[in-house]
Amino acid sequence: MIDANVVRDHAVAPDADRAVVPAKRPARDPADRSVAVASTVVFDVRRLSKTYHMGEVDVHALSEVSLTLPEHEFVVLLGPSGSGKSTLLNILGGLDVPTSGEVWYHDQEITHASEAALTGYRRRHVGFVFQFYNLIPSLTALENVALVTDIAAAPMPAVEALRMVHLEDRRDHFPSQLSGGEQQRIAIARAIAKRPSVLLCDEPTGALDISTGVVVLDALARINAELGTTTVVITHNAAISAMADRVIRLADGRIASIEVRAARKLAPRELSW
Ligand code: ADP
Ligand code: MG
């Protein structure tokens with residue numbers, strides 16, 4: 001298991017996600033005004049809980065989390081360490097399953113899907129970016145991206161994905177010949193090359209200094225704007241909120257606040273750290 005974008009998806013039949021039980025997503029609470037009527041909801045999360053049993057102790061990583069995410073948004077997920085951010089992101093991406101509750105991806109309920117259906121869901125619809133880049137050291141930048149485009153249904157050419165992150169001139173470099181920020185941008189190119197509808201990023205700038213982080217955030221903002229990829233970014237850095245359409249704060253496994261930002265979104269270069 002080297003990378004969630006690549007290796008987990010190799011063994012899947014192309015139509016595996018048809019195995020998801022067809023079901024109609026029940027209507028949302030009519031009092032829920034968090035999503036404009038006209039926008040399409042990508043994720044509808046309902047009373048999601050995740051409890052880890054650690055010997056005698058129950059750890060409530062998520063407790064009754066409910067939220068909706070409209071498509072095309074740039075969402076920042078904030079919260080202290082241990083507040084459940086990664087658990088939530090992993091469940092949205094089909095890498096983990098909750099203890100209770102539901103996650104609807106459009107009209108598919110993913111938390112009760114079979115492992116094969118979940119793999120098909122990840123393969124078709126989800127790109128992941130993690131704090132550490134998980135590139136394959138013996139492959140060039142282009143080859144790392146092509147690993148994904150080789151198995152995707154309608155990918156962009158690998159070089160096009162490198163262009164989106166402004167690294168087409170590094171196509172023949174190996175990961176060891178690239179800086180941390182450049183490696184992260186290659187990882188982003190790899191995640192978006194299959195044209196996922198959602199891009200889930202767990203502390204993508206966590207290992208980078210500020211100026212390098214800005215370049216990485218710039219790539220994420222550009223992809224969100226140009227491809228319309230619904231993007232969720234976990235960060236410890238509240239300054240990044242100013243880039244977002246929506247800011248979700250978690251505390252102790254619960255939603256502390258959801259802010260739909262009305263102010264102009266700042267470019268990463270305009271953030272004050
Ligand atoms: P965050 O990403 O906000 O730092 P996590 O979602 O990783 O938080 O973790 C939330 C809580 O769940 C923490 O208390 C963490 O220790 C616990 N936790 C996360 N993953 C596991 C696991 N695999 N086994 C046991 N506890 C876990
Ligand atoms: Mg985390």
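In the predicted model, the shell around ligand 1 comprises, by class, four nonpolar, seven polar and one charged residues. The residues around ligand 1 are Tyr52, Met54, Val59, Ala61, Gly79, Ser81, Gly82, Ser83, Gly84, Lys85, Ser86 and Thr87. Two or more residues of this shell are given by each of strand S1 (41-54), strand S2 (57-70) and helix H1 (85-92). Of the elements, H1 gives the most to the shell around ligand 1, with three residues.

H6 covers residues 210-227, and its 18 residues, at 1.5 Å a residue, should span 26 Å.

Within H6, the residues Gly213, Val216, Leu217, Ala219, Leu220, Ile223 and Asn224 are buried.

The packing of H6 involves both helices and strands. Its buried residues pack against helix H4 (158-164) and helix H5 (180-192), and also against strand S3 (74-78), strand S7 (198-202) and strand S8 (230-235). After H6 comes glycine 228, which has a positive phi, near 75°.

Notes: Residues are numbered from 1 along each chain as its sequence is written. Chains are lettered from A and ligands numbered from 1 in the order in which they are written. This is a predicted model: local features need pLDDT of at least 70, side-chain atom pairs count only at pLDDT 80 or more; totals for chains, interfaces and linings use all residues. A residue is near a molecule or strand if its C-beta atom, placed from the backbone, lies within 6 Å of it. Helices (H or I, at least four residues) and strands (E, at least two) are DSSP runs, numbered from the N terminus. Ala, Val, Leu, Ile, Met, Phe, Trp, Tyr, Cys and Pro count as nonpolar, Asp, Glu, Lys and Arg as charged, and the others, Gly among them, as polar. The expected span of a helix is 1.5 Å times one less than its number of residues. A residue is buried if 20 or more other C-beta atoms lie within 10 Å of its own, exposed if 12 or fewer, and partly exposed in between; C-beta atoms are placed from the backbone. Two residues are in contact if their C-beta atoms, placed from the backbone, lie within 7 Å.
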